[in-house]
Amino acid sequence: MNKPLRAVAIFCGLLVLGLLIRANWLQYVRAPELASDTKNRRVQIEQFSTPRGDIVVGGRAVTGSAETEGTDLKFKRTYTDGPMYAPVTGYASQAQGMTLLEKTYDGILTGKDDRLAFQRFADVVSGEGRRAGSVVTTIDPKAQKAAWKGLTDLKGARGAVVALDPATGKVLAMVSAPSYDPSTFAGGTFNESDRFVALTKDKSKPLANRALRETYPPGSTFKILTAAAALEHDVVSDIDARTDAVSPYPLPQSTNKIGSEAGDAVCNKASLKTAMQYSCNNVFLDVAAELGQDKMRETAEKFGFNEDVYSDDFGDMLATKSLYPEELDLPGTALTGMGQGSLTSTPMQMAMVTAGLANDGKVMQPYVVDEVKGPDLGTLEKTEPAVMSEAVSAETAQKVQQMMEFTAKEGSARRAQIEDITVGGKTGTAQRGVDVNEKVPYGWFVSYGKKSDGTSVAVAVFIDPTDMDISREDISGGGLGAPIAKSVMEAVLKQ
């Protein structure tokens, strides 16, 4: 063979070798990646070729599937009470993808999870076709409905409600308003895509999950954590003893003086218990300044601040971190004592703080999925309660409970009282903006209720009144949030 032909033959051989290597690389190395790529149309066709499994609340499915026409995607998702449950279920859309439980448990809900491999084989043999599993949530439908009604009855309010079982960490209610109906864009038509785009552009942010994914200054509800830190670190030992905190309080290293709505006569040198009762800023500012940033942050982190609320195992249910900042100066540290400054929290986080204190200082890992079941209703996975941290001692927590219960009986949290139920509560009004009068404040309320048999519930209510027709003077956690918290607690404890 002459030299030019030999060169051409070698070149062609290299091309064939390259094609073989590429084909094998795609078939054996990148095959799993390509098979799950959302841009692969065949993945979507397979994903929506059968009805999805159920997401279950209180023994009833709140999701379903409907056949579609004129498309190769055979089934689309349907939702019952979609706006109310959207912060839990998320959405499964042919065009927009998936979020929250729909995304996290997609393998179960499509029947493609590896744990269903034997079931899939049996279904093929029997000719039944692929069947899906189901996801059973911890949500209490009565509590969820009470939270949803409470928020939506406040016309124009944006907000969130989270209710937890302090003893286990079960999420009993998780609501965000305004919300959206996932059914309206579950398919892949142009009209449904337009509806989704309209939701993304809505200034009230209906797609936002305010319970898990949005953070805000917690205001005076954070004072229950400040009180716990003061007691745990022996800055305060007697909750009834008068303090040295004057009112108005001179902010350290500043010419600013901070007063309290209850007035100087009530708050000047008040005890920690009285300060909780009337939400006196001066006492909590002074306590935080004396504790210092390290001890304040240490206590906050034990309750879950600066940490992932859910582990990576919970997929798309991971919450945005609530932040207690590092490297605060003395005035910045003092301001966190009253829940202001650069401190931020999700409603879920404040529910965890409240639940931890109600549970004698033990913070349980929150969870929203109780069981994962196969098509035959056999249990594939059962969530067991897990301790997240021992945030404070039982003695400290019980002293904070005394103060919160006194505040519910004699103080600013009276509107949450329930007959024959032990209730502890704390109001909060959080200023925002560089100028405190720049924007309307947020309203917060946290509480817990306990029955004599030990059954309990902890609730956090957050309200953004930006779009409400309400005067600034009428914005308060006690006025807006306490009735919602009360109705949620009654839904859980009066069954």
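**Strands, bridges and a disulfide: a chat**

Me: At 39% relative accessibility, what does aspartate 81 count as?
Reply: This is a predicted model, in which local features need pLDDT of at least 70 and side-chain atom pairs count only at pLDDT 80 or more, while totals for chains, interfaces and linings use all residues. Residues are numbered from 1 along each chain as its sequence is written, and side-chain values use heavy atoms, without hydrogens and water. On relative accessible area, buried is under 20%, exposed is over 50% and partly exposed is in between (1.4 Å probe, protein chains only). With its 39%, aspartate 81 therefore counts as partly exposed.

Me: Good start! Which side chain does aspartate 81 meet in a salt bridge?
Reply: A salt bridge here needs a side-chain nitrogen of Lys or Arg within 4 Å of a carboxyl oxygen of Asp or Glu. For aspartate 81, the N to O distance is 3.6 Å. The pair links distant parts of the chain, 21 residues apart, with aspartate 81 in the loop between β4 (75–79) and α4 (82–89) and its partner in strand β2. That partner, which counts as partly exposed because its relative accessibility is 38%, is arginine 60.

Me: And how many salt bridges does this rule give?
Reply: One of them joins arginine 115 to aspartate 113, with the closest N and O atoms 3.0 Å apart. Arginine 115 is partly exposed because its accessibility is 40%, whereas aspartate 113 is buried because its value is 18%. By this rule the count is 15.

Me: Which residue forms a salt bridge with aspartate 370?
Reply: The closest N and O atoms of this pair are 3.1 Å apart. The partner is lysine 382.

Me: Which residue stands opposite lysine 382?
Reply: Strands are DSSP runs of E, at least two residues long, and helices are runs of H or I, at least four residues long, numbered from the N terminus; two strands pair if DSSP finds at least two bridges between them. β13 (residues 369–373) and β14 meet this with three bridges, in the antiparallel sense. Facing lysine 382 of β14 is glutamate 371.

Me: What is the strand order of the open sheet of five strands?
Reply: Strands of a sheet pair through backbone hydrogen bonds, either parallel or antiparallel. In this open sheet of five strands the pairing is mixed, and the order is β2-β1-β7-β13-β14. The edges, each pairing on one side only, are β2 (60–61) and β14 (379–382). Read across, then, the order is β2-β1-β7-β13-β14.

Me: Which cysteine forms a disulfide with cysteine 267?
Reply: The cut-off is a pair of cysteine sulfur atoms within 2.5 Å, and here the two are 2.1 Å apart. The pair links distant parts of the chain, 13 residues apart: cysteine 267 is in helix α11 (residues 264–267), and its partner is in the loop between α12 (272–278) and α13 (281–302). Both are buried, and the partner is cysteine 280.

Me: Last one: what share of the 495 residues is buried?
Reply: The protein comes to 17 helices and 18 strands. Among contacts (heavy atoms within 4.5 Å) between residues at least 6 apart in sequence, 69% join residues at least 24 apart. The buried share is 53%.
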